[in-house]
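Visitor: Could you show me how to read a few features of a protein model? I'm new to this.

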Amino acid sequence: MRLSRYYIPTIKEDPADAEVVSHKLLVRAGMIRKLTSGIYNYLPLGLRSINKVARIVREEMDRAGAMEMSMPMVQPADLWVESGRWDYYGKELLRLKDRNGREYCLGPTHEEVITDLVRGDIKSYKQLPVNLYQIQNKFRDEIRPRFGLMRGREFIMKDAYSFDKDEEGAEKSYWEMFEAYKAAFSRIGLRFKPVQADSGAIGGDFSHEFMVLAETGEDTIASCKSCEFGANLEKAKVSAPVGEDMTNADCPAMEDVATPGSHTVEEVCRFLDIPADKLVKTLLFVVDGKPVAALVRGDRELNDIKLRNIMGGNEVELADEATVKEITGAPVGFAGPFGLPEDVPVYADHELCVATDWVAGANKGDTHVRHLSLGRDCTIEKFADLRVIEPTDFCPECGSEIEFTKGIEVGHVFKLGDKYSEKMEATFLDENGKTKNLVMGCYGIGISRIVASAIEQNHDDNGCCFPPPIAPFEVALISLGGKDQDVADKAEELYTDITRLGIEVAYDDRKERPGVKFAEADLIGYPMQLVLGGKGLKNGIVEAKNRKTGEKIELPLDGFAEAFAAWRKDVWNSWGLELN
């Protein structure tokens, strides 16, 4: 493609509303433009990268036996009511009405639509398994869209849905998709890690996220240094504590102690001159509309996702001041785990089992208690893993050290079971003629988000560094001939020769200064740059630059094809990629 005829509206300054590197560079490199909050136009360069990601994903889905189709973005409310998600999904679901007053939504995902489709056609186990996918625009009305393509409201997604006759088949489908995802992300050239994850609003009891490793990632990943364990902080298990159960051990009688104005853990510990690990922190939540108390050590952070899962709930909210006062009779900061109403269950982190003689809130203003025994003074519904894992914890699978890294979620695979098929009566007849629920899985990849994630992972002060498989163009050919017709003619010849090899070339034939051409080539992030000027032509060479490493070499014009092929292979190898 000749850049003199191409639409690339690059800009020099960062956009005012851009917070992360990928947003800044995508706008500056002329790849996207904002239409309105969280909604973007994909310009020619940006769309080329997005389409390349989609092609790789599509090939791996097809290779794994999934079949592509397309479903409407506008979905009838009836299906969401039937699945139970119309009210549960919340304000991220953009709802609308047609001229007849019928309610619809813009699809953030397609579990309901695909289940409705399949239940009308699949009647027998002989028709299973089935795996259907699409690549399509989705819409989620994010409360605070930000970070450009990283967290927009409208985005491009690949979503696949598997249907099996039993758990064994569903397990097989799940791991086939898992391996397909690994293959796709490896081909794209991303450094990634699959981690255990919470299923959230999609549902199901087992899932993995695929995280692109990047220092700017929103998510924190706990990984084992010795085994393959990895999980996001929402899901990462904390091993049961080692030590004797002290729940019912002897402890002096509980007594009140005045703690005027001491609301926080830090204030109480400072006032009583105790370490935070001697205090029990009592937190009040509302889970699916019902109050619940949760206990963790004073120096720990409670994981509300774990609390939700233990209770089998959907919505978890920290209780407001009025609710805390109603339950405990005290202001926020003085709640304790004893003497609560009978209809308020108390769940405690299992770490609290290996010690006693605690300090806790007294359910009275400006008062705490000493010598609290959880076995003697409280009624604990259950001891369980309730806290957020920390770097000082150990791997829950092998006991080795763990480390924390940052990541960006670009894919998620779920085992749904019969969450949707049961509610929507998607059934089939098994080998014995009995009616069974279809067993489902769903599998999503953020196509447009991958482009942003690739930039977050691969950039420098000069701009993007695209992996070759998803770069808008693999090669930038920069002609510095000016009015030198011999240079122009040779550049044209090189452009033709490389194009004939089936390689996409951005041929910068514009009447611009060399500095502008170099800066824009670095900004856009073409993996390979070829520069031809008068001096190079005279010496029979073209300068070649690897954008990732910055390494420059000279390729001979005589025998260029062979030298270029060898250098191109080296560039791909620098990304850890094999050139087919």
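**Cysteines, domains and a hairpin**

Guide: Let's start with cysteines: the structure holds zero disulfides, a disulfide being a pair of cysteine sulfur atoms within 2.5 Å. In general, a disulfide is a covalent bond between the sulfur atoms of two cysteines. Cys105 is in no disulfide, and the nearest cysteine sulfur, that of Cys442, is 16 Å away. Cys465 isn't in one either; its nearest cysteine sulfur belongs to Cys464, 7.6 Å away.

Before we go on: this is a predicted model, where local features need pLDDT of at least 70 and side-chain atom pairs count only at pLDDT 80 or more, while totals for chains, interfaces and linings use all residues. Residues are numbered from 1 along each chain as its sequence is written, and side-chain values use heavy atoms, with hydrogens and water left out.

Visitor: Is Cys465 buried or exposed?

Guide: Buried means under 20% relative accessible area, exposed over 50%, and partly exposed in between (1.4 Å probe, protein chains only). Cys465 has 8% relative accessibility, so it counts as buried. Cys105 is buried too, at 0%.

Visitor: Which domains does the assignment give?

Guide: Domain bounds come from an automatic or database domain assignment. Here that gives domain 1 (47-237 + 403-456), domain 2 (255-384) and domain 3 (473-574). Taken over C-alpha atoms, the centres of domain 2 and domain 3 are 66 Å apart.

Visitor: How many bridges join S30 and S31?

Guide: Strands (E, at least two residues) are DSSP runs, numbered from the N terminus, and two of them pair if DSSP finds at least two bridges between them. S30 (residues 541-546) and S31 (residues 552-556) pair antiparallel over five bridges. Ala544 has Ile553 in S31 as its bridge partner. The two strands S30 and S31 form a hairpin with five residues between them, and Gly550 in the turn has a positive phi of about 80 degrees.

Key
Helix = DSSP H or I, 4+ residues; strand = E, 2+ residues; numbered from the N terminus.
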